[in-house]
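Visitor: I would like to learn how to read a protein model. Can you take me through it step by step?

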Amino acid sequence: MGIVAGLDSSSAFTHIVVCDTDTGAVLRRGYAAHPVEPKATEVDPQAWLLSLGEAAGGGLLEGVQAIGVSAQQHGLVPLDHQGGVVRPALLGNDKRAQAAAADLIDGLGGRQAWAEAVGAVPQAAQPVAKLRWLARNEPEAAQRVVEVLQPHDWLVWQLLGRPARRTTDRGAASGTGYWSAGTGAYRPDLVELALGHPVALPEVLGPCDTAGATPEGLLISAGTGETMAAAFGLGLGAGDAVVSLGASGSVMAVHREALSDPSGTITSLADATGMHLPVVYTSNAVRALRGTAEMLAAENLEELSALALKSTPGASGLVLLPYLEGERTPHLPHTAGTLCGLRRESMKPEHLARAAFEGMLCSLADALDVLRGRGVEVRRVFLLGAAAELPAVQAIAPALFGTQVVVPQPAEYAALGAARQAAWALGVSQGTADPHTPPAWQGAAAQVLEPGEELAVGQAIRQQYVATRDQIHPGAFTPAP
C-alpha cells in the first residue's frame, strides 16, 4: 500500500485528501480558506500558497509519496522574465474581458473560425480573452509578460521549487482558448493576436506523466483543472454525462474524440485520462428557480420544490422558457424568458413553480440533446450542484433526461481526482501501473434514480416544451428554411 495526496485549490479554499493508492480510501483530510475577499476577481497567487500551507499543517502529508494538484480554471497568472508575477492573477469570475472576447471573435473572422481553431469560442472567463483585456487596459504590464500560466500550473511550479521547466496538462490547457483538444497543440498565433507579442507557454503533459519531484523526493503529477479532476474523482467513463446546476448550467460528457462544432455551441475540452469532455453551456439554470421563488414569495428553493410537487406533470399546460439572461444554448444572447399556456385553471402558484423546474430541466435536456446529436452516448446522467438535492429536481429529471440519473453524495471530488492522478503517476513511475489504465478506485457513493413508468410522461413534457420553444424562437436549433 502507498499513500498519495490530492490538493484542490478552488476559488475560495484549499481541500487536501490523503488516500490509499490501491483503494482510494480517504485516510486524512485538510482544509483552509483562501485569505482573499469573497468574490474577488483578482488575487495575489501567494494567497493560494498560504492556504495550502495551512491546509497541510499538523503533519497531514506525513508518509505521502506523491501529490496531484487541481485548481480553479480560467485564471491567468502572467509572469515576467524573472518568473515574478507581473500583476495579481485574473480569475475566472472576472467579467471585464467580455468586450475583449468579442474583439477576438471578430479578429479571427467569427465564431466558426475559433471553433475550428481550438474547439471553443472566446468567453470573458478564458485566459485568451484576459490577455486581450490586459493588452488594452494595462499595456505597460502587458509588455512585461513573457510567460503565462494558470493556477494549477503555477502551484505545481511552486511545489517543485520554481524549476526552469513549466508544465500544464491537456485538461487545463483545453480551457485556455489557445490550445486545441482536437490537435493536441498550442496556437501561439492566437496568444499573439490577444496580447500583441509572443510568450512562452507551459509544456503539456500526458495524463499519467510526472511534472517532477520536490527536493525531498515527493513526486508531483501533471495536475489538471478542477472540472477534469472532479470528473476523474467521480469515476466518470464513456457513456456518462454530468449536468451541473449552478446559477447557469452546463452539460458535459465523456467522449472518445474531440468534437469539432462550427457553431461553437459545443466547447471541446480534454479530460484527465486521455479522453475528451465536450461541454454545452446554458446561461440559465438555478437563477430561473430563484426568480420564480421571488415571484411566488417562497422563502427558499426547498419551499418552491414542495410547491411544485403539488402540481401535476406538465404544470397544467404552463411552459416556461427560462432564458432570463439571454441564452447560450440555443444562441439567443438578447432574448428574454417566456411563460406560455396561461389559462384560468393554470394560474396557480404550484403550476408556475412546476413550470420553473420543468423549464430549467428541459433547457438542460436541450443541451444534452446537442451532444447526443453529435453521437455522444449517454447511458446515465450525474446531477451536480446544491439544487440536485431538491425533491422536485429528483422527481422530474430522470423522465425529462430519458435516462438513469445519479446524484452523488457531497464529497471533495476534485481533490479525490487529483489524488487518483497522483496514484496513477506514482504507479507508472514505479513500473507497477499501466500508463493507459488509471487506478480502479471505488466510485462515488450516490443515489440512483430511474425514469421508470414516468418516461412517457417526460417525453410528453419535452414535446410540449420543444413545440413552444420552436414557435417562439423558430430556427433556434436548426436553421430556418
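Guide: We will go through a sheet, a helix, some rings and a few single residues. Keep in mind that this is a predicted model.

Visitor: What holds the strands of a sheet together?

Guide: Strands of a sheet pair through backbone hydrogen bonds, and the pairing is either parallel or antiparallel. Here, seven strands form an open sheet with mixed pairing. Their order is β18-β19-β17-β16-β22-β23-β24.

Visitor: Which strands stand at the edges?

Guide: β18 and β24 (446-449) do. Each has a single partner strand, so one side of each has no neighbour in the sheet. Neighbouring strands of this sheet are turned against each other by 25 degrees on average, direction ignored.

Visitor: Which helix packs on the sheet?

Guide: Helix α12, residues 349-372. It touches β16 (240-245), β17, β18, β19 (276-282) and β22 (380-384). The direction of α12 makes about 30 degrees with that of β17.

Visitor: In what sense do β23 and β24 pair?

Guide: Antiparallel, over four bridges. Strand β23 covers residues 404-408. For a detail, find valine 407: glutamine 447 in β24 stands opposite.

Visitor: Now a single residue. Is histidine 255 buried or exposed?

Guide: Look at the relative accessible area; under 20% means buried. Histidine 255 has 13% relative accessibility, so it counts as buried. Histidine 255 lies in the loop between β17 (249-253) and β18 (266-270).

Visitor: What is histidine 255 in contact with?

Guide: Leave aside the neighbours within four places in sequence. Then histidine 255 is in contact with Met275, His276, Pro278, Gly375 and Val376.

Visitor: And glycine 161, buried or exposed?

Guide: Exposed, because its relative accessible area is 53% and the cut-off is over 50%. Glycine 161 lies in the loop between α6 (151-159) and β9 (167-169). Glycine 161 and valine 17 are 144 residues apart in sequence and 22 Å apart in space, C-alpha to C-alpha.

Visitor: How many aromatic pairs does a search of the whole structure find?

Guide: Four. Take phenylalanine 13 and tyrosine 31: their ring centres are 5.7 Å apart. Their planes are at 40 degrees, so the pair is tilted.

Visitor: Where do these two residues lie?

Guide: Phenylalanine 13 is in strand β2 (residues 13-20), and tyrosine 31 is in strand β3 (residues 26-33). The pair therefore ties together parts that are 18 residues apart in sequence. Phenylalanine 13 counts as partly exposed at 24% relative accessibility. Tyrosine 31 is partly exposed as well, with 48%.

Key:
Residues are numbered from 1 along each chain as its sequence is written. This is a predicted model: local features need pLDDT of at least 70, side-chain atom pairs count only at pLDDT 80 or more; totals for chains, interfaces and linings use all residues. Side-chain values use heavy atoms; hydrogens and water are left out. Buried means under 20% relative accessible area, exposed over 50%, partly exposed in between (1.4 Å probe, protein chains only). Contact means heavy atoms within 4.5 Å. Two strands pair if DSSP finds at least two bridges between them. Axes are lines fitted to C-alpha atoms, for helices over the stretch in contact, and angles run from 0 to 180 degrees between N-to-C directions. Rings of Phe, Tyr and Trp (its six-membered ring) pair if their centres lie within 6.5 Å; planes under 30 degrees apart count as stacked, over 60 as edge-to-face and the rest as tilted.
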